[in-house]
Each structure stands twice: as C-alpha cells, then as structure tokens.
Amino acid sequence: GIGIIAKELNIPIVPVYIEGTFRAWPRHKILPRPAKITISFGKKVTIDKLTREKDDNVDIYQNIANSLRKIMIDLIKNS
C-alpha cells in the first residue's frame, strides 16, 4: 500500500512512530486509560531516496516499502 501511494503520487513521506498507545488502550479493554504517549517524527524522505536500494527479486513498490521499514526501525531505535 505505502509503496504504491508514494510512487504513484510522487509524494515525500514523513515517518512517524507513536509509542505508548497499547498501554493507553490495550486490545482487551473497552475504554482507553491515561498513559504516556510519545510521538517521534523522522525526516522527510523522497521517492529518490527510497528507490536507491534495489532488490531485483521484488517490484518497485515493495522496494519502497522495504526502504521505509528500515527507516522506521532506525526511528524506533533512536526514540
């Protein structure tokens, strides 16, 4: 999904990591409860940057999604 949207619309992506939402509203609870939630924003990423690393075994959309996944993992580690 994200690879198709980013490529076809040629829009930059801003990675966002939201931490603490499960503590605030676990699946087994009907209502949310107070909890600390932290939002971390990454730097804007262009399609050109997302398509630099290419894996010939998958299509361009999957390459974009894989690149975004790596960026998100780094964002989570640095949060």
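Modeller: In what follows, two residues touch, or are in contact, when they have heavy atoms within 4.5 Å. This is a predicted model, where local features need pLDDT of at least 70 and side-chain atom pairs count only at pLDDT 80 or more, while totals for chains, interfaces and linings use all residues. Residues are numbered from 1 along each chain as its sequence is written, and side-chain values use heavy atoms, with hydrogens and water left out.

Biologist: Which pattern does the protein chain follow along the sequence?

Modeller: Helices (DSSP H or I, at least four residues) and strands (E, at least two) are numbered from the N terminus. The protein chain has 4 helices and 2 strands. Read along the sequence, these give α-β-α-β-α-α.

Biologist: What radius of gyration does the protein chain have?

Modeller: The C-alpha atoms fill a box of roughly 45 × 25 × 20 Å along the principal axes. The radius of gyration is taken over C-alpha atoms, and the globule rule is 2.2 Å times the number of residues to the power 0.38. A compact globule of 79 residues would come out near 12 Å, but the protein chain has 16 Å.

Biologist: What share of the residues of the protein chain counts as buried?

Modeller: Buried means under 20% relative accessible area, exposed over 50%, and partly exposed in between (1.4 Å probe, protein chains only). Of the 79 residues in the protein chain, the buried share is 23%.

Biologist: Which residues make up the largest nonpolar core?

Modeller: A nonpolar core is a set of buried Ala, Val, Leu, Ile, Met, Phe, Trp, Tyr and Cys residues joined through side-chain atoms within 4.5 Å. The largest one here has 7 residues: A6, I13, V45, I47, L50, I64 and L68. Helices that each supply at least two residues of this core are α3 (47–50) and α4 (60–77).

Biologist: Is L50 buried or exposed?

Modeller: L50 sits in helix α3. Leaving aside neighbours within four places in sequence, L50 is in contact with I13, V45, N63, I64, S67, L68 and I71. Its relative accessible area is 0%, so L50 is buried.

Biologist: Is N10 buried or exposed?

Modeller: N10 has its place in the loop between α1 (2–9) and β1. Its phi is near 50°, a positive value in a residue other than glycine. The relative accessible area of N10 is 58%, so N10 is exposed.

Biologist: How many Å apart in space are I30 and I60, C-alpha to C-alpha?

Modeller: I30 lies in the loop between α2 (21–24) and β2 (38–41). At a relative accessible area of 76%, I30 is exposed. I30 and I60 are 30 residues apart in sequence, and their C-alpha atoms are apart in space by 40 Å.
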